[in-house]
Amino acid sequence: MKATIIERIEDKLYQNRYLVDTGRPHITVRPHLSPSPNLLALTQICPAKCYEVNEIGQVAIVSDGCLECGTCRVLCEASGDIKWNYPRGGFGVLFKFG
């Protein structure tokens, strides 16, 4: 009988390293009174869980652990909900396994 190994995404994400560009986030959320449906969706679909609803009901981002996958860019950049740029050279995610 084969042993089943269950791997959690958090265990894989832990292998990556991040060089944070302090004070210069590559993603910013447009100021809003109430979040759009797409912005709210980011709190569920961002694979790194960078987006969350804060205590006053607005969606906020902590881009320090961003995987730069582009999910938020596809979903929210065209509507203007976020501003997305690649991090400056040498900063951002450093993938351990390629």
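Guide: Start at the sulfur of C72. The closest cysteine sulfur, in C66, is 5.9 Å away, so the pair is too far apart for a bond. A disulfide here means two cysteine sulfur atoms within 2.5 Å.

A word on the ground rules. The model is predicted: local features need pLDDT of at least 70, side-chain atom pairs count only at pLDDT 80 or more, and totals for chains, interfaces and linings use all residues. Residues are numbered from 1 along each chain as its sequence is written, and side-chain values use heavy atoms, with hydrogens and water left out.

Back to C72. This residue lies in helix α3. Helices are DSSP runs of H or I with at least four residues, strands are runs of E with at least two, and both are numbered from the N terminus. C72 counts as buried because its relative accessibility is 8%. The cut-offs are under 20% relative accessible area for buried, over 50% for exposed, and partly exposed in between, with a 1.4 Å probe and protein chains only.

Now its neighbours. Leaving out residues up to four places away in sequence, C72 touches I27, L42, Y51, E77, I82 and W84. Contact means heavy atoms within 4.5 Å.

C69 is in none; its nearest cysteine sulfur belongs to C46, 6.2 Å away. C69 counts as partly exposed, because its relative accessibility is 46%.

A search of the whole structure finds 1 cavity of 30 Å³ or more. Its lining has 15 residues, and those closest to the centre are C46, Y51, C66, C69 and C72. The largest cavity holds about 80 Å³ of space. By class, 12 of its lining residues are nonpolar, 2 polar and 1 charged. Nonpolar covers Ala, Val, Leu, Ile, Met, Phe, Trp, Tyr, Cys and Pro; charged covers Asp, Glu, Lys and Arg; the others, Gly among them, are polar. On a 1 Å grid over the protein atoms alone, a cavity is a set of points where a 1.4 Å probe fits but cannot get out; a pocket is an open set with protein on both sides within 12 Å along at least five of seven lines; lining residues have an atom within 4 Å of a point. Points are joined across faces, edges and corners, and a volume is the space filled by probe spheres set on them.

Y51 leads on to T43. Y51 is one of the residues that T43 touches, along with E52, V53 and V59, with residues up to four places away in sequence not counted. T43 sits in helix α2, residues 37-45. T43 is buried because its relative accessible area is 16%. Its side chain reaches the backbone oxygen of L40 at 2.6 Å.

K49 is in the loop between α2 and β3 (51-53). Its phi is near 55°, positive in a residue other than glycine. K49 is exposed because its relative accessible area is 55%. E68 is in the loop between β4 (59-61) and α3 (71-77). This residue also is not a glycine, and its phi is positive, about 55°. E68 counts as partly exposed, because its relative accessibility is 23%. Most residues other than glycine have a negative phi.

Next, the open side. The largest pocket holds about 280 Å³ of space. Its lining takes in 20 residues, with D21, R24, P25, H26 and S63 nearest the centre. Two elements give two or more residues to that lining: β1 (17-19) and β6 (92-94). The classes are 9 nonpolar, 6 polar and 5 charged.

Last, the whole chain. There are 3 helices and 6 strands, in the order α-β-β-α-β-β-α-β-β along the sequence. The C-alpha trace spans about 55 × 35 × 25 Å along its principal axes. Of the 98 residues, 30% count as buried. Among contacts between residues at least 6 apart in sequence, 65% join residues at least 24 apart.

Methods. Polar contact = N/O pair within 3.5 Å; in protein donor to acceptor, adjacent residues only side chain to side chain.
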